[in-house]
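Reader: I am new to this kind of model. Could you take me through the features in turn?

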Amino acid sequence: MPIEKFTAHETVRRSVQEKATGMDRKQVAEQTEIARCWEHTEWRRIGYVMAQEHMEIYAPQADLTVARWERERLQRIAEPEAATTPPVGTAVRRYRVVAQRVDDAHSGCATLTSFTDAESVEAAVAAVRRENERLGGLYGVRGLYRVVQVVEEDAVTEAPEARLEAFVRKTVLPRTHPNTIARRRVLEALGEAGGLCTARAVNSDGDVILCTRKAGHYDPDDLPGFKRGKSDGTPGGWYLAGGLIWSEAGAACSPHTPVLGEEVGR
């Protein structure tokens, strides 16, 4: 099994996400004001996500970008490396490696935490140093940070891809509401969006959006609420996505093809 590596950006992002967990929008805004460099960028992104998703309290599990980044990281490290693959039968465990800043005058974080899967404490430390002490790594030049703690997290009993999929199904998917863009994105990530409607429309900002309902639902005679003098936002049998309700007669609309199992355009 290849060692799971975290780049400098990924380590900073995870650290900020852990700190932001449980914070409200005001607290996130306060942290954004005092953060610098990469940390500032991530705090600002979290604030934007909370506003867009109407999230009162930040939870990484509900942040679809976090899930996408983790999926991309796992894809990046999918190629086994002979130098880091333990012998067959060796127990691989997850380790948390904490490094402390050597020079207090340096402007970097006082401590940095990395995570890796390895067969021993020594292998975990070697992997983290190899990643972070390289040119452009988070530790910078050798000696800027010193590893002070290595903690065994848990046994790795299944493939990283399987753990990520299980996490998305058990934690992320239940937090999304039916007929929403968030639900559609999660289903696309799981490869299960083939049964969704593929009708497209263009909103007032010029963005192309996809209907979030199931294929075959469209009924032009089932008028939405605003066509019946109501302002409840009910779509009837028309298309729906992001608050936009439209029919096939609408401008810049591409009707759906209700064929189950087809690949949905991204």
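Reader: What pLDDT does the protein average?

Author: pLDDT is the predictor's confidence in each residue, from 0 to 100. The protein averages 78, and 80% of the residues score at least 70. This is a predicted model, in which local features need pLDDT of at least 70 and side-chain atom pairs count only at pLDDT 80 or more, while totals for chains, interfaces and linings use all residues. Residues are numbered from 1 along each chain as its sequence is written, and side-chain values use heavy atoms, with hydrogens and water left out.

Reader: Which elements have the lowest and the highest mean pLDDT?

Author: First, the term. Helices (H or I, at least four residues) and strands (E, at least two) are DSSP runs, numbered from the N terminus. Helix α6 (residues 160-172) has the lowest mean, 76. Helix α2 (residues 25-34) has the highest, 94.

Reader: Where does pLDDT stay under 50?

Author: Where pLDDT is low, the predicted coordinates should not be read in detail. Here that applies to residues 258-266, where pLDDT stays under 50. The model has 21 contacts beyond four places in sequence for residues 258-266. Contact means heavy atoms within 4.5 Å.

Reader: How many helices and strands does the protein have?

Author: There are 7 helices and 7 strands. Along the sequence, the pattern reads α-α-α-α-β-β-α-β-α-α-β-β-β-β. Contacts show how the chain comes together. Among those between residues at least 6 apart in sequence, 61% join residues at least 24 apart.

Reader: What share of the residues counts as buried?

Author: Buried means under 20% relative accessible area, exposed over 50%, and partly exposed in between (1.4 Å probe, protein chains only). Of the 266 residues, 39% count as buried.

Reader: Which residues have the most contacts inside the largest nonpolar core?

Author: In soluble globular proteins, nonpolar side chains tend to be buried together. A nonpolar core is a set of buried Ala, Val, Leu, Ile, Met, Phe, Trp, Tyr and Cys residues joined through side-chain atoms within 4.5 Å. The largest one here has 28 residues, and Trp43, Ile46, Tyr58 and Tyr139 have the most contacts inside it. Elements giving two or more residues to this core are α1 (8-20), α3 (37-52), β1 (93-101), β2 (111-118), α5 (121-132) and β3 (145-155). A second, separate core has 12 residues, including Ala201, Ile209, Cys211 and Ala241.

Reader: Is Val16 buried or exposed?

Author: Val16 counts as buried because its relative accessibility is 0%. Val16 lies in helix α1. Beyond four places in sequence, Val16 is in contact with Glu39, Glu42, Trp43 and Ile46.

Reader: What does Ser114 touch?

Author: Skip residues up to four places away. Then Ser114 touches Thr11, Tyr95, Arg96, Val97, Val128, Asn132 and Tyr139. Ser114 sits in strand β2. Ser114 is buried, since its relative accessible area is 3%.

Reader: Which residues lie nearest the centre of the largest pocket?

Author: The search uses a 1 Å grid over the protein atoms alone. A pocket is an open set of points where a 1.4 Å probe fits, with protein on both sides within 12 Å along at least five of seven lines, and lining residues have an atom within 4 Å of a point. Of the 40 lining residues, Glu53, Leu64, Ile181, Ala182 and Arg185 lie nearest the centre. Elements that give two or more residues to the lining are α3, α4 (64-76), α6, α7 (181-189) and β5 (208-210). The largest share, 7 residues, comes from α7.

Reader: Which residues of α7 are buried?

Author: They are Ala182, Arg184, Val186, Leu187 and Glu188. After α7 comes Gly191, with a positive phi near 75°.

Reader: What is the phi of Cys37?

Author: Most residues other than glycine have a negative phi, and most peptide bonds are trans. Cys37 is not a glycine, yet has a positive phi of about 55°. Cys37 is in helix α3. His54 is not a glycine either, and also has a positive phi of about 55°. His54 is in the loop between α3 and α4.
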